[in-house]
Amino acid sequence: MDKQTLSFQAEVKQILHLVTHSLYSNKEIFLRELVSNASDACDKLRFEALDNAALFEDQPNLEIRVWFDAEKKTITIRDNGIGMTAEEAVAHLGTIAKSGTREFMAKLEGDQKKDANLIGQFGVGFYSGFIVAERMTVETRRAGAEASQGVRWSSEGTGDFEVETIERAQRGTDVILHLREGEEEFLSAWKLKSIISKYSDHISLPVLMPKQKWDEEKKEQVTTDEWEPVNKAAALWTRPKSEVTDAQYQEFYKQISYDQEAPLAYTHNRVEGRTEYTQLLYVPAKAPFDLWNRDKRGGVKLYVKRVFIMDDAEALMPVYLRFVKGVIDSADLPLNVSRELLQESRDVKAIREGSTKKVLGMLEDVAENQKDKYAEFWKQFGAVLKEGIGEDFQNQERLAKLLRFASTTADEGVSLPDYVARMKEGQESIYYITADSLAAAKNSPQLEIFRKKGIEVLLLTDRVDEWMLSHLYEFDGKPLQSVAKGGVDLGKLQDEEEKKAAEATAEALKPLIDRLKGSLQDRAKDVRVTTRLVDSPACIVVDEGDMSGHLARMLKQAGQ
Ligand code: ADP
Ligand code: MG
């Protein structure tokens, strides 16, 4: 075929324009996209070769090579994968076949703010090379075709591209980027290596680059003709559980978390079904310093088919599990998925639900079988987990069982099931009190009657407790009842005589009560005779349903 000049499909022109003008702030992604295409091409060859081993020709080892030429200002990404025929090059690099692209375009055109995030939602892929390249040349030969059937495709990424037949012995594809003025930073082995290890470390094929060597005479690093892999070429999470040792899991955790301490627990699963993904999730042993920052993104990395997509993909985990670290590798999401798209995706929702259940399962297991470890976990992360009570109604019951409290019986580690098991005959509610500190809670006069009757009361001193309890009304069918609110009704716990005595006292004290009501008119809603005190003469309570005194003090402190 002689050299032909063809025009890009109209949508491609629009995409090229948008990509080169809007994705500039994140330009290094071009390398991820091109390496990922190279890896796809090798996967396709491997697949076709299942039926036709001759396609491997004399090169059965699939690999990707990346190098640059500082003088010519080019970067080349070479694969020995499936390659393209001339027709395929025209179709794949000149038109967009993917469904969904048109809808994205329509959405983009209808949208007023054409920001980079929106653009990130559709196929950047191959065309992202034009962010840094003023010209891209592709030289390719399809596996199994004659050397005379090579193809050269070339374009400046504006209106049209050229194709011609060339002689090419090498199977597969070279993508050559002729860098724009000002993009010289990419002409560096160190730079390219660091981008590849950032995004493509877990590509299952080796990505090779020329080895660098220190030259004593020139006093600089020089390129040798030896090639060395710059990625690990095997993703730990893609390997079967039985082939990964505990030490390897631990090491991987250190790599992804930068945490020197061993994790508390981890879980590794391949989930099959409507949504397919692999998860490798870790619960750290120690809280990071910025745990309290709710805007901090999560610690779960998203991969799509072993290609790194993004760090801290918060849509994959609920906020209250933001301490979880690990990797989720989806088989269904598109490679160019953006944060915005993640929020809306049904697959992501299924992944989040599945992963949340796995993490809760891990915690339940530790709580059940390694009580000391769980106590330590609770100290580090308990207050964060409590946020889940108000945020994740689906799992509220499971979360409630994982809660640990101090109580009038034990200073720590009391679970709701423990409490319920210790409830007195006739006790209908789970009693609690909130305060700033354990000492303040313990010394509260409101506890007197409960002490006297030997009824356990939970002592809640975390800042989130009030908020949490506004979402947790009951546990195991038993209402949670503040001892500092309303007229505590001890119900069946109070015997007839006590009730009669209380009524008699109330009657006798009526004149006093009336006087107190009169003098406290503007400051107290009501004045009542109470049975909750044993030693103290009086205490302040709030009405059922009103803000507790503790919460009111907290809000006042916060200036509200
Ligand atoms: P995607 O990878 O999502 O399909 P791209 O824009 O990245 O979209 O690539 C478009 C198409 O071009 C690919 O689907 C493939 O058919 C073809 N292609 C790109 N790079 C290569 C390559 N290195 N080898 C073979 N085909 C390629
Ligand atoms: Mg691609």
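Among contacts in the protein between residues at least 6 apart in sequence, 70% join residues at least 24 apart. The model is a predicted one. The protein contains 18 helices and 19 strands, and buried residues account for 32% of its 560 residues.

### The nine-stranded sheet

Nine strands form an open sheet with mixed pairing, in the order S1-S6-S5-S4-S7-S3-S2-S8-S9. Strand S1 (4-7) and strand S9 (220-229) are the edge strands, each of which pairs on one side only. On average, and with direction ignored, neighbouring strands of this sheet are turned by 25° against each other.

Strands pair through backbone hydrogen bonds, in either a parallel or an antiparallel sense. Ser-155 is placed opposite Phe-161 in S6.

| Strand pair | Sense | Bridges |
|---|---|---|
| S16 and S17 | parallel | three bridges |

### Helices on the sheet

Helix H2 lies across strand S2 (64-69), strand S3 (74-79), strand S7 (172-179) and strand S8 (207-215), and runs at about 20° to S3. Helix H3 packs on the sheet too, where it touches S1, strand S4 (133-141), S5 and S6; the direction of H3 makes about 160° with that of S6.

H2 also meets another helix. Two packed helices are described by the angle between their axes and by the distance between those axes. The axes of H2 and helix H6 (residues 189-200) come within 9 Å and cross at roughly 65°, and the crossing is right-handed. On the H2 side the contact involves Leu-31, Arg-32 and Val-35, which meet Leu-192, Ile-195, Ile-196, Tyr-199 and Ser-200 of H6. By class, this contact of H2 with H6 comprises six nonpolar residues, one polar and one charged.

### The shell around ligand 1

Which residues come nearest to ligand 1? Of the 17 residues around the ligand, these are Asn-37, Ala-41, His-92, Gly-125 and Phe-126. Helix H2 (29-48) and helix H3 (86-94) are the elements that give two or more residues to this shell. H2 contributes the most, with five residues. The residues of the shell divide into seven nonpolar, seven polar and three charged.

### Two residues in their surroundings

Is Leu-6 buried or partly exposed? Leu-6 is partly exposed, because 13 other C-beta atoms lie within 10 Å, whereas a buried residue needs 20 or more. Not counting residues up to four places away in sequence, Leu-6 touches Val-90, Gly-94, Asp-160, Phe-161 and Val-163. Leu-6 and Val-90 are 84 residues apart in sequence, yet their C-alpha atoms are 8.4 Å apart in space.

Tyr-282 belongs to strand S11 (residues 277-283). Tyr-282 counts as buried because it has 28 C-beta neighbours inside 10 Å. With residues up to four places away in sequence left out, Tyr-282 touches Tyr-253, Ser-257, Pro-263, Tyr-266, Val-324, Lys-325 and Gly-326. Between Tyr-282 and Val-359 there is a C-alpha to C-alpha distance of 8.3 Å, and the two are 77 residues apart in sequence.

### The five-stranded sheet

A further open sheet has five strands in the order S15-S17-S16-S19-S18, with mixed pairing. Its edge strands, each pairing on one side only, are strand S15 (406-407) and strand S18 (474-475). Within this sheet, strand S16 (residues 430-434) and strand S17 (residues 458-460) run parallel and are joined by three bridges. Ile-433 stands opposite Leu-459 in S17.

Notes
Residues numbered from 1 in each chain as written. Chains lettered and ligands numbered in written order. Predicted model: local features only at pLDDT ≥ 70, side-chain atom pairs only at ≥ 80, totals over all residues. Near = placed C-beta within 6 Å. Helix = DSSP H or I, 4+ residues; strand = E, 2+ residues; numbered from the N terminus. Nonpolar A, V, L, I, M, F, W, Y, C, P; charged D, E, K, R; others polar. Pairing = 2+ DSSP bridges. Axes fitted to C-alpha atoms, helices over the stretch in contact; angles between N-to-C directions. Contact = placed C-beta atoms within 7 Å. Buried ≥ 20, exposed ≤ 12 C-beta atoms within 10 Å, placed from the backbone. Left-handed = near helix turned anticlockwise from the far one by under 90°.
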